[in-house]
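Please read the numbered points alongside the model.

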Amino acid sequence: MANNGTKSWTVVVLTCQHKDSVYAFQRELDLRQQRGGLPSGALLLTVADPQARLGSGGATLNALLVAAEHLSARAGHTVVTADVLDDAHILILHTGRDFPWDSCGRAFCWLPVGGAQHAVEGPVCCLDILLDCLSHQVCPGSPPGVWVCSTDMILTLPSRQAMSWEGFSGVRVLALPGDVSYATNHGVYLGDGQGRVRDIIYRGSEEQIRQAMQPDEKVPLVSGPVFLCRSVSEKLLQTHVTSPLDGCTYLGMDSGAPSLQISLFLDVLMCLCSDVSEARFISEERPGSTSPSGPQGAAVRSARAVLWRTLRGTPLSMEYIADGTYDYMTLSGQEHISRLTKKGWQMETLSHIENRDCVSVESRVINSVLEGNITVSSGAVIQHCHLQGPVQVPSGSFLSGLEATSGSHIQQLLPSADTIIQGHRVQLGELKLTVYTVLGARDVLQASCEESTFLNHSWTDLYKRTGIRPEELWGTSSGGSTQCSLWEARLFPVFQPRDGAVGLEGVSWLMSGSPGALEWWRGAWRLSLREVLSLTDQEGELRWREELFFRAARRRAVDTLTGHSDHSLLPSIRAAVLGCQQGELLSALDNVTAGSSEKLGVAARTLACIADVLGCMAGEGRGGLRSGPAANPAWAAAFRLLERRDLPAAVQALANQRSHWINRPDLLVRAARHYEGAGQVLLRQAVMSAQEFVSIGQGEMPPIGEWQEVECPARLDLSGGWSDTPPIAFERGGAVVNVAVKVDGRRPIGARARRIREPHLLLVTSSGQDCSVATETVCVTLQDLEDHCQPHAPGALLKAVCVCSGLVTFPSQQPLAEQLLQRWGGGLELHSWSLLPHGSGLGTSSILAGAVLAAVYKSTGCTYDTDSLIHAVLYLEQTLTTGGGWQDQDFLSALQQRLILVYTGKTRLARNLLQDVVRSWYSRLPSIVTNTEQLVSNAEECALACKDGSLSRLGSCLNRYWQQKKVMAPGCEPAAVRGMMTALRPLTLGQSLAGAGGGGFLYLLTRDAQQEEAVQQVLSSTPGLGDFSVHSVELDMEGICVLPSTRSSDQ
């Protein structure tokens, strides 16, 4: 396998001790694969241990057998064959025993780590931390074989480990440093100084453990990850048909073989240690391993003999990672609370907190909804809860799995710090209940009652407060037995035969000991903590967590939109669709939109988020491109309501229509386009407020037949483009630096207008270098103007000018001819032209709109100033639904001899680029938000460079600007343009495609003056560029220019 930095697993196996966990855990694996946390091609298997107390060695053998069986079946074999291991990269993860602080075990214990950096929002559990560590830091580069690891700890490695795998054979273990005192309750590897393992010392004395001391005065802990090469994996697999090791597998159980418990470390790996003799290996009593002299002694000795014969001689090497850390998740509640509240992890994780000011930054709220005034003190943890205030959570407390309906009891339950209250979803036969437990954070669960506490106080205190007798907790055998522990005490009432399920009042009584309730407690079904955990309905528990996760996500989405936050909702939207929660999310977004009549920006962004939901429902790459038309007649009624600004009714109409478009990917994408179109209607209404700043006077009209002609330069955007585009400019503000230029000595954009006697509109649009391509449109009735807001309709720009300039009123009951005669004494002939190719990027559309408006104003005797013309153009572009930027003209005078234009021969469709950029902005993609800020700062730097006369700094700004454009609109750099820019780079200080990119003109700031011929020569010698042309640039210091009036002979 190529060492590309990420391990591509063939099979990932998760083992679990309870068969009832298989379905729930398999779904969790599948979700991680769908979110991208596991390779898409990996086979995911959840395997229950065939017998209780199988041991890590037995669970490994059974998991390996199941993996090989599935691979064999996939390969078309009818029996298990080891050949399938030849190219297989297998990962086996053991979930281990029950964990009191999480009903789903250590593997699925949520950590206060955000997952916003991922494409799909989701929790980060211990399993995810381990998968990431193994897949990206430990295992890349390893040959085919089997990795085995427990999920009962958190591994932290500073960086990827550079392990050598060339020619590797045998078994390799990973060891992390630990203190001698810690290792006395753990295991350590005793090495030979050359990387080989001599022995494994488990729960040894300090003297024994010191033998393993490393130069850093730490000892190598048995830390979990173990790698078995392909040949060793085959040898281990072969033992599944040999008695008594067949008792470790499901096949053995199905064949009637007696179960057997063996340890991966103390049995399988121990026989590989160089200092261990055969006699010692087979007969030695080892803590943590089944006794060879106990009831199963003969089977244990026989199994060890088989392992010795099969595996002895295999080299066992150790990789010691001196700067890594190993955190084993013990049964200590205090340790777990400290783990979750340690520095570096975030206060709030995937939660919704109504009043954040009441929550200490040194507390942790994980996957919870907190409503009202809930005060959370430093060092407290709340996870998987929905609580309603007022509640005060003291320091060191731990609340888990509590529902809002129980909130009224919680304040009574938290009189002091270091209290743990949990709700567990359990199943008793057909009965599904929530069982509540209460403990002290300092309680030692498995110590005898004489050496431990309950609620951080002695057991005697409980007996005195409540009247409970020891034999009621542990039976008649109590009185010093090791079974008399908090772990085994049947403290917690579950069900009352007369009253049904017991709620929080059960643990409330255990804490307060109020009189009169003892008989009630005695009459209830009661469970110990061990029994509660063994009866956990893990499917129900995971479903509750998922419900809370989506509930909190919807509330965060509402806060994000109404609070104008830059938080991206796309990861949350993807998660909702993946979890089939899109209906609830769409309903929440509908409500936000309907309630935002006074905040059109919020409503527009929310409609764009609804479009994202629909796009995600369609599926990545399915249903067509997201950008496209949005004028299907089926949606017209809803759009009319939007135009009338009846937002609640419009939202309902949109939702009604949406329900008919959700059955196919192509329909979903088309529905998404219409929701984006709806958002553009609201955005247009906001932007069209620019009309308030248009002040047009009325002077004397020129004579009929007298032409009023206007010429305009083109525009080069030197920096800051896109930051001027609504809604970005409205929500964030922008800054743009432009320069006005003549191309090949001419102002390339212009318009002219004259009044004519006929009461109609004669509209002529010309384009091309010699204006040889002309389109003539005659409007005789108002119906001829109906398509004035459709950009691709014939004469759309000129029609829009006629409407927006006030030349005619549309819609109106007064006919067009009557309007024209009454107001202007006749009709109007209007011509526009551009010598630039379509999609040039030189601001043609906006500038042409300004030229046409100016010509119409002049021909009708209207007076205007520059600000009014700028705002009128913005209003006009919104009427056309093309969008557009809001830019000032900055004239730079020191550039003329170094500015060169190259027409790339490529054209672009800027409208789709604009849709994509607006969509990305509304989604608040982090890269877009950051880039928008950088566009503005680069524009400010560009302006300073121009002011200071620094061409080198200006060139750097141009290069940065082009990189920023590519972030805003991915795909705006065609391959031919990329080749062109690469070839020209030695000649330039800076370069960029003009406008939005995708084609059109490339402008260069050359190192030396007068470089047109050099540019032509470089491009001519570069293959694959197609049709290009080099053009001179002349700075235009006048801007829009009104030419002297001329009289036509035909009027």
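1. Leu-647, Leu-654, Ala-655 and Arg-658 of helix H23 meet Tyr-675, Ala-678 and Leu-682 of helix H24, where contact means heavy atoms within 4.5 Å. H23 covers residues 647-658 and H24 covers residues 665-687; helices (H or I, at least four residues) and strands (E, at least two) are DSSP runs, numbered from the N terminus.

2. The model is predicted: local features need pLDDT of at least 70 and side-chain atom pairs count only at pLDDT 80 or more, whereas totals for chains, interfaces and linings use all residues. Residues are numbered from 1 along each chain as its sequence is written, and side-chain values use heavy atoms, with hydrogens and water left out.

3. The axes of H23 and H24 lie 12 Å apart, and the two helices pack at an angle of about 165°. Axes here are lines fitted to C-alpha atoms, for helices over the stretch in contact, and angles run from 0 to 180 degrees between N-to-C directions. H23 and H24 are therefore roughly antiparallel to each other, a term used for angles over 145 degrees. Their crossing is right-handed.

4. Is His-424 buried or exposed? His-424, which belongs to strand E21 (residues 419-428), is buried, with a relative accessible area of 0%. Buried means under 20% relative accessible area and exposed over 50%, with partly exposed in between (1.4 Å probe, protein chains only).

5. The side chain of His-424 makes a polar contact of 2.8 Å with that of Thr-437 and another of 3.1 Å with that of Ser-103. A polar contact is a pair of N or O atoms within 3.5 Å; within protein, one must be able to donate a hydrogen and the other to accept it, and residues adjacent in sequence count only if both atoms are side-chain atoms. Beyond its neighbours within four places in sequence, His-424 touches residues including Pro-100, Leu-433, Val-532 and Glu-541.

6. Arg-556 sits in helix H18 (residues 538-562) and is buried, with a relative accessible area of 15%. Glu-121, Glu-348 and His-352 are among the contacts of Arg-556 outside four places in sequence.

7. Strand E36 (residues 988-993) has five of its six residues buried, so it is largely enclosed by the rest of the structure. E36 runs antiparallel to strand E37 (residues 1001-1006), to which five bridges join it. Within this pair, Ser-992 stands opposite Tyr-1003.

Key:
Two strands pair if DSSP finds at least two bridges between them. Angles under 35 degrees count as roughly parallel, over 145 as roughly antiparallel, 65 to 115 as roughly perpendicular and the rest as oblique. A crossing is left-handed if the near helix is turned anticlockwise from the far one by less than a right angle, and right-handed if clockwise.
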